[in-house]
Amino acid sequence: MLEATPENLQTLSKCLESTLSSETTTRKQAETYINDMYRQPGFALLLLKFLDVEQAPVELRLAAAIQFKNLVKFHWVVPHDEPPAIGDRDRETIKGHLVTLMVKAHPRIQPQLSEALTIIGRHDFPDRWQALLPELVSKLGMQPLDYNIING
């Protein structure tokens, strides 16, 4: 299980930075490393934790959000003959934090998290994500009205 330790967050930060490199070899190696990590238990949670690190540059948090969205897009729905890339415990943790993280995220990051939420919601709501609707209603009902939350 990959934990969100300072060392792992630092490694992820360096890897995400390398995905933005203009040097093809560096970028390809970083992309391959991240794609290999998709099946590592805890990787999705590490990406989410990185998104919550306000000291990290927005460009790197955006790269993490894109990776998270892609992980959800390609691995949330599991083919019948394959083991899940995202385990049940990680799925529940993601669903427990995604809405809150999305509404407080930087405006450039919100669309990526919104798309991930949509994918998960299509698959899991309402049977496997009963808390989604009450949580969304709660966030939208906050006073004073925060347009970052509505846009998220």
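**Side-chain contacts in a predicted model**

Q: How far apart are the closest N and O atoms of the salt bridge that Lys104 forms with Asp52?
A: A salt bridge is a side-chain nitrogen of Lys or Arg within 4 Å of a carboxyl oxygen of Asp or Glu. The model is predicted, with local features needing pLDDT of at least 70 and side-chain atom pairs counting only at pLDDT 80 or more, while totals for chains, interfaces and linings use all residues. Residues are numbered from 1 along each chain as its sequence is written, and side-chain values use heavy atoms, with hydrogens and water left out. For Lys104 and Asp52, the closest N and O atoms are separated by 3.0 Å.

Q: How many residues apart are the two partners, Lys104 and Asp52?
A: Helices (H or I, at least four residues) and strands (E, at least two) are DSSP runs, numbered from the N terminus. In the salt bridge of Lys104 with Asp52, Lys104 belongs to helix H5 (residues 88-104), and Asp52 to the loop between helix H3 (43-51) and helix H4 (58-75). The pair thus links distant parts of the chain, with a separation of 52 residues.

Q: Which helix holds Asp124, the partner of Lys95?
A: The side chains of Asp124 and Lys95 meet in a salt bridge at 2.9 Å, N to O. Lys95 lies in helix H5, so the contact ties together parts that are 29 residues apart in sequence, Asp124 being in helix H6.

Q: Is Arg128 buried, exposed or partly exposed?
A: Buried means under 20% relative accessible area, exposed over 50%, and partly exposed in between (1.4 Å probe, protein chains only). Asp124, with which Arg128 forms a salt bridge at 3.5 Å, is buried at 4%. Because the relative accessible area of Arg128 is 43%, this residue counts as partly exposed.

Q: What is the angle between the ring planes of Tyr38 and Phe43?
A: Rings of Phe, Tyr and Trp (its six-membered ring) pair if their centres lie within 6.5 Å; planes under 30 degrees apart count as stacked, over 60 as edge-to-face and the rest as tilted. By this rule there is one aromatic pair. Tyr38 and Phe43 form this tilted pair, 6.2 Å centre to centre, with a plane angle of 40 degrees.

Q: What is the relative accessibility of Phe43?
A: Tyr38 is buried because its relative accessibility is 7%. Phe43 likewise counts as buried, at 2%.
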